[in-house]
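Please keep the sequence and the 3D view open as you read.

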Amino acid sequence: MTFEYAPAPESRSIVDIKAKYGHFIDGKFVPGKKHFATINPATEEVLSQISLGGQSDVDKAVLAAQKAYTKSWSKLSGKERGKYLYRIARILQERAREFAVLETLDNGKPIRETRDIDIPLVAAHFFYHAGWADKLDYAGLGKSPQPHGVAGQIIPWNFPLLMLAWKVAPALATGNTVVLKPAETTSLTALLFAEVCQQAELPDGVVNIVTGDGSTGAAIVNHPGIHKIAFTGSTDVGKRIARAIAGTSKKATLELGGKGANIVFDDAPLDETVEGIVNGIFFNQGHVCCAGSRLILQEGIADELIEKLKVRMAKIRVGDPLDKNTDLGAINSKEQLLKIQELAIAGDAEGAQRWSPACTLSAKGFWFAPTIFTGVTQAHRIAREEIFGPVLSVLTFRTPQEAIEKANNTPFGLSAGVWSEKGSRILWATQQLRAGVVWANTFNKFDPTSPFGGYKESGWGREGGKHGLAAYLKEGK
Ligand code: NDP
């Protein structure tokens with residue numbers, strides 16, 4: 001007997017999307033001059049018009065942030081700053097459903113994830129950093145570590161509000177003020193967050209949000225009034241930022257791309273491992289920098305595990321992101337869909353075998369079925385390049401050493417996973433893997449107390465945990 005799920009759509013009546021948005025500068029919404037549309041990637045419905053920030057908008061935002069830094073924020077005690085962060089965290093919890101629905105509409109990710117993962121983690125980041133605000137003397141950075149001043153923060157579209165929280169919460173807790181630019185396709189939750197700043201009566205200018213495109217981001221990076229840059233996005237733009245600030249005194253953290261290896265040894269519990277693999281690559285449509293996008297299987301269990309994985313993948317529900325039963329939502333943009341399609345075609349052309357379960361994809365919006373490629377070799381583009389979509393490349397190995405060599409044979413070094421019953425094997429493997437985060441018998445687990453970041457082309461610095469505070473502070477005495 002099979003069960004069909006009845007539609008269970010979350011109501012969108014809780015969100016109030018304005019026809020047009022300005023920038024949030026010095027505590028107020030100010031109208032922009034030029035605008036661009038933001039759409040729902042599941043339906044292509046235009047949701048709103050977003051302002052395209054230019055140099056003069058960035059200048060005003062930086063000026064407001066500088067003024068707020070010298071006049072109010074740097075004068076407050078850590079305890080007082082902490083109160084604002086706690087207040088923001090509580091408002092985020094109160095308005096969680098509104099944020100979850102808005103994020104799903106603008107990004108295309110399932111409501112199940114925005115409701116249960118993104119927004120609770122956003123609040124957790126503010127609570128965690130609120131706790132640090134009056135304890136910075138104990139962060140291991142000497143007595144009275146000092147903020148840098150104005151932080152320029154540029155975030156991507158895959159976890160819009162969560163990336164904002166990763167950047168704004170530590171900046172504010174450490175006494176910096178902020179000029180933030182959300183991604184072009186997902187500005188709405190950042191603009192709703194601006195309302196939360198007003199509601200929390202955060203002093204004007206402490207958080208400024210300038211919406212726009214890559215040129216707006218570049219204007220923030222190059223602005224002489226910015227002291228620290230925090231960027232999450234592609235390795236390509238990360239390198240451009242590194243070149244732009246070379247020779248200046250600007251500090252930077254860069255969270256860039258990844259091609260995470262998920263290694264399965266032949267003693268791993270296979271059913272549990274299948275769940276971890278699915279979570280590793282199909283969570284958030286695979287739009288995850290630390291996704292387990294390369295599955296590296298020990299030969300003896302490869303066939304059995306791939307069969308189990310296919311059975312499980314056939315149960316992934318693809319469709320309306322607002323439906324509470326949906327597992328895999330829409331691809332965030334047409335541009336990203338084209339990139340995924342191009343790399344999948346390259347996989348076919350280079351000789352890997354593609355498989356997807358039967359699923360009906362809507363003609364409207366941007367969709368890509370969950371996909372695995374078997375018979376992948378190290379030389380294939382789908383083994384080397386970040387696809388950033390629901391596509392898994394499967395490789396095999398015979399000896400543990402070969403698994404490690406394959407896992408580390410990448411220009412990236414952000415994440416990895418190890419599946420084995422033996423603790424000693426896990427400890428051995430984690431010590432050999434050149435990745436900032438290594439999960440053992442699980443994948444894609446996030447917590448504000450845990451530092452996150454990469455090696456090699458995956459970036460510089462760490463965000464989260466005690467290590468993440470260091471990026472926002474000058475060492476004290
Ligand atoms: P980008 O790196 O272009 O975008 C990230 C952020 O940087 C966005 O806010 C973007 O603005 C901004 N930006 C773009 N150009 C500049 C610039 N010259 N100076 C400063 N800021 C800039 O990523 P994309 O959105 O184009 O995605 C491309 C690929 O990057 C994906 O396919 C994926 O592989 C990877 N990626 C990785 C992420 C990660 O978490 N590591 C996150 C997102 C993407 P705007 O949105 O307006 O272009």
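1. A word on classes before we start: Ala, Val, Leu, Ile, Met, Phe, Trp, Tyr, Cys and Pro count as nonpolar, Asp, Glu, Lys and Arg as charged, and the others, Gly among them, as polar. Please also bear in mind that this is a predicted model.

2. Let us begin with the largest cavity, which holds about 80 Å³ of space. Its lining is made up of seven nonpolar, five polar and three charged residues. Of the 15 lining residues, Arg294, Ala407, Ser415, Arg434 and Ala435 lie nearest the centre of this cavity. Helix 13 (400-408) and strand 16 (415-419) are the elements that give two or more residues to this lining.

3. In total there are two cavities of 30 Å³ or more.

4. Now for a helix pair. Helix 2 (residues 78-94) packs against helix 4 (residues 111-132) at an angle of about 165°, and their axes are 8 Å apart. Helix 2 and helix 4 are therefore roughly antiparallel to each other, and their crossing is left-handed.

5. Which residues of helix 2 and helix 4 meet? From helix 2 come Gly82, Leu85, Tyr86, Ile88, Ala89, Arg90, Leu92 and Gln93, and from helix 4 Ile119, Val122, Ala123, Phe126, Phe127, Ala130 and Gly131. This contact divides into eleven nonpolar residues, three polar and one charged.

Technical notes. Residues numbered from 1 in each chain as written. Predicted model: local features only at pLDDT ≥ 70, side-chain atom pairs only at ≥ 80, totals over all residues. Heavy atoms only, no water. Axes fitted to C-alpha atoms, helices over the stretch in contact; angles between N-to-C directions. Helix = DSSP H or I, 4+ residues; strand = E, 2+ residues; numbered from the N terminus. Parallel < 35°, antiparallel > 145°, perpendicular 65-115°, else oblique. Left-handed = near helix turned anticlockwise from the far one by under 90°. Contact = heavy atoms within 4.5 Å. 1 Å grid on protein atoms, 1.4 Å probe; cavity = no way out; pocket = protein on both sides within 12 Å on 5 of 7 lines; lining within 4 Å. Points joined across faces, edges and corners; volume = space filled by probe spheres on them.
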